[in-house]
Amino acid sequence: MRRALELAVKGQGRTSPNPVVGAVIVKSGKIVGEGYHKRAGDAHAEIVALRKAGSKARGADLYITLEPCCHYGRTPPCCDAIIKSGIKRVIVGLRDPNPLVSGRGIGILKNHKISVSEGVLKMECEKNNRSYLKWIVSGVPYVTLKVALSLDGKIATKSGDSKWITNESCRRYVHELRDKADAILVGAKTAIRDNPKLTVRFPGLAPKGKLAVVLDEKLRLPFKSELFGRKRSGLIVATTLRAPKSRIREFEKRGHKVLMCRSTSEGYVFLPHLLEQLGSSGVTSVLVEGGGEVYSDFLKRGLVDRIVACIAPKVIGREGKEWLPGIAINNLKSVFQLHDVNVKVFGDNVVVEGSCLQVSSRVSEPFAR
């Protein structure tokens, strides 16, 4: 199962809205076939493993990180192929909460006299698919908030200069995070000030486009922005009824999507509505990259699942830009608390990341339609 988990993560960032899945076929103590789901529309993990095993699959054991599907989607049901192959035992890491599958795949295998064991390395399998699991249950994406900080908690100098707070190795790790996400989100101020590409870039490889989402309630993003150099449909601009109709038409002419969202009482994009719309379009994970007002709004509304804080040994001073300007907490009982914390070191930079437990109550701000 650990080998199946290693295989599964290779598909992260490419399989949505499908889960990441790894499969290993074992016979007489030896691996005779293995595979993973590479991207949505391609063969599922167990099919890849069965093809590699061929006739050796008969009488063998199949280890699979997620319950095999039993319905027709872009590909036929995997349960049918498993039954036909002659596999004698299936070891499942985690049941699939998808109502089309949940327990049915396991039931079908058992009805065909195939032995099934469940829950092997269940917690690890859940972590592997936390984006998919949240999306399939709630309909909204898994949200990771990534921030680059000075030692005194600033994201930029007084003038807004932020390139670069963290070192090159740490920034490479951020590109790994981007590579695993479905979408990268920033606020309009950040997009205008920094003019980011929001692509995935690794040394020696061509930049890879990821869906970019910009919160821009008045459609202020200039057309000379790097983001407009993307392929068609590579950019979503989330806006409100405050946006001029003429600007909406101009944005859409360039082949990108203008997403109309409900607004807060202050006229900003109402984030829960945005996440609902992204989820309904198959986006299962979002990496939020700034700025401070955006970070604060996500946190206040209890919408953050994970925080990744990249910290550099630099001191900017009190007039630097705060990363949570909209957060004011009076007592320690109400702070945001990270759990399942992991710490990484990149030279003189430290990355602290963990699951985020929200403040005791969410912000229930009224909004305009």
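I began at the surface and found a nonpolar patch made of Val-341, Val-343, Val-345 and Val-350, which together have about 320 Å² of accessible area. I note that I am working from a predicted model.

I looked up where the patch sits in the secondary structure. Strand E16, residues 337-346, supplies the largest share of the patch, three residues. Val-345 is found in this strand. I checked its accessibility: the relative accessible area of Val-345 is 58%, over the 50% cut-off, so I put Val-345 down as exposed.

I found 36 residues in the largest nonpolar core. Ile-25, Leu-62, Ile-64, Ile-82, Ile-87, Val-90 and Leu-109 have the most contacts inside this core. A second core is separate and has 35 residues, among them Leu-215, Val-283, Phe-298 and Leu-324.

Leaving out residues up to four places away in sequence, Ile-82 touches Glu-46, Leu-50, Leu-62, Pro-68, Ile-87, Val-90, Leu-109 and Ile-114.

Last, I looked at the whole chain. I counted 11 helices and 18 strands. Of the 369 residues, 52% are buried. The accessible surface comes to about 18100 Å², and carbon and sulfur atoms account for 51% of that surface. Among contacts with a separation of 6 or more, 70% join residues 24 or more positions apart.

I also checked the overall dimensions. Along the principal axes, the C-alpha atoms fill a box of roughly 70 × 45 × 45 Å.

Methods. Residues numbered from 1 in each chain as written. Predicted model: local features only at pLDDT ≥ 70, side-chain atom pairs only at ≥ 80, totals over all residues. Heavy atoms only, no water. Patch = residues over 30% accessible without salt bridge, like charges linked within 9 Å, V, L, I, M, F, W, Y side chains within 5 Å. Areas by Shrake-Rupley, 256 points an atom, 1.4 Å probe, with all protein chains shown as cover. Salt bridge = Lys/Arg side-chain N within 4 Å of Asp/Glu carboxyl O. Helix = DSSP H or I, 4+ residues; strand = E, 2+ residues; numbered from the N terminus. Buried < 20%, exposed > 50% of the residue type's maximum accessible area, 1.4 Å probe, protein only. Core = buried A, V, L, I, M, F, W, Y, C linked by side-chain atoms within 4.5 Å. Contact = heavy atoms within 4.5 Å.
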